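Student: Could we go through this model together? I would like to start with the salt bridges and then move on to other features.

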Amino acid sequence: MHLYIHIPFCDSKCGYCAFFSKTNQEHFIAPYFQALIKDLQYQLEHYKIQNVTSIFIGGGTPNFVDSKYYEPLFALLAPLCAEECEITLESNPNLLTKEWLLDLKELGLNRLSLGIQSFYEDKLNLLERKHSQKDIIYACNLACKYIDNVSLDLIYDCALDSKERLKNELQYVLHLGIQHLSAYSLSIDKDSHFSRNNRHDTQSSESFGEFIRDYLYSYNFKQYEVSNFTDSKKCKHNLGYWNGNEYLGVGTSAVGRIGYERYTCIANIESYIQNPLQKHIEILNDNILQFEAVFLGLRSEVGVPKDIVDTQKLAIVCDEKLCYEDEQRIYATNLFLADSLALYLVK
């Protein structure tokens, strides 16, 4: 079983961020983690979970929270964790300390995701990030010293981007010895500061996705999902989503799916603390799950079973070299076209 835990606390809110997170809510941290324990304990018992294969703690900013609050969570999870359980925490560079990192490593952390977003100060300011290039270099060196599996997040298609600047950013990633990169095209999503303030001027007029893919490929970093690249260490947790596996979601706004039931936790910190077991339930069916399998599979190396797509349309896209077949599964030739292909191929 895969497990996602949401930590909604941040020291600042970035302009592009549309995830559920709050600033100036430190007084809720202690009761929130008590609610997390109650929620997690209930779900583990209710769904009779005996084995956890991956844990992803995201946010928000998980390293904004003192390491002591994570101890009861890991004490509850430790007996259930598989031997090769991947345990990821997201972190911001300006808040990463040696003490916090070693404390979490002692608890079980074995994969760290650093949200650097850019190595350029002007781009960081435009994105409303609060860290500096100096913070990034320090955090990356610290992370790589103590954690074997480190991933960086990078944002592209920003108004300040050019091929030369992005090449320099990718060179920074490669020289730091990072094994995994998540590169996301800047989008102006609902509920973000950029959306509310109509800041579409933060986006570039062209997309650099294929440039990034090709440049990384020349250094043996392979694209295994539209936004994810690695030379050796794929994210097991995300592969679980793309393969359509079941997963638990714990924490305010977190989503989980068990069988044909998808549930969402309350997207309000105070309400979640008062009633962490309250969930919005969505009942799924085979058509919905197949629809999602097509979208997720074509966006990644997972692919799609041939028998769940339109056969006649499949022949057309294969003739056009937009997809290819291998052992009764269909794969997108260009992952950046996957969403359009999925809409076309889905039955």
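This is a predicted model: local features need pLDDT of at least 70, side-chain atom pairs count only at pLDDT 80 or more; totals for chains, interfaces and linings use all residues.

Student: Which residue does D122 pair with?

Tutor: D122 forms a salt bridge with R165, and their closest N and O atoms are 2.9 Å apart. D122 lies in helix 4 (residues 121–126) and R165 in helix 6, so the pair ties together parts that are 43 residues apart in sequence. Helices (H or I, at least four residues) and strands (E, at least two) are DSSP runs, numbered from the N terminus.

Student: Is D122 buried, exposed or partly exposed, and what about R165?

Tutor: D122 is partly exposed, with a relative accessible area of 36%, whereas R165 is buried at 18%. Here, buried means under 20% relative accessible area, exposed over 50%, and partly exposed in between (1.4 Å probe, protein chains only).

Student: What does K123 do?

Tutor: The side chain of K123 meets that of E169 in a salt bridge, at 3.0 Å from N to O. E169 lies in helix 6 and K123 in helix 4, so this pair ties together parts that are 46 residues apart in sequence. Both E169 and K123 are buried. A network of salt bridges links K123, D161 and E169.

Student: And where are E225 and R299?

Tutor: These residues form a salt bridge, the closest N and O atoms of E225 and R299 being 3.5 Å apart. E225 is in strand 9 (residues 222–225) and R299 is in the loop between helix 11 (286–298) and strand 15 (304–305), so the pair links distant parts of the chain, 74 residues apart. E225 is buried at 6% relative accessible area, and R299 is partly exposed at 25%.

Student: Changing topic: how many disulfides?

Tutor: The count is zero disulfides, a disulfide being a pair of cysteine sulfur atoms within 2.5 Å. The sulfur of C85 is 4.0 Å from the closest cysteine sulfur, in C81, which is too far for a bond. C85 is buried at 5% relative accessibility, and C158 is buried at 0%.

Student: Now the backbone. Where is the cis peptide bond?

Tutor: The cis peptide bond joins G59 and G60, with omega at about 15 degrees. G60 lies in the loop between strand 4 (52–59) and helix 2 (71–77).

Student: What is the phi of D157, and of Q328?

Tutor: D157 has a positive phi of about 65 degrees although it is not a glycine. D157 is in the loop between strand 7 (150–156) and helix 6 (163–175), and is buried at 6% relative accessibility. Q328, also not a glycine, has a positive phi of about 70 degrees. Q328 lies in the loop between strand 16 (323–326) and strand 17 (329–332), and is exposed at 52%.

Note on methods
Residues are numbered from 1 along each chain as its sequence is written. Side-chain values use heavy atoms; hydrogens and water are left out. A salt bridge is a side-chain nitrogen of Lys or Arg within 4 Å of a carboxyl oxygen of Asp or Glu.
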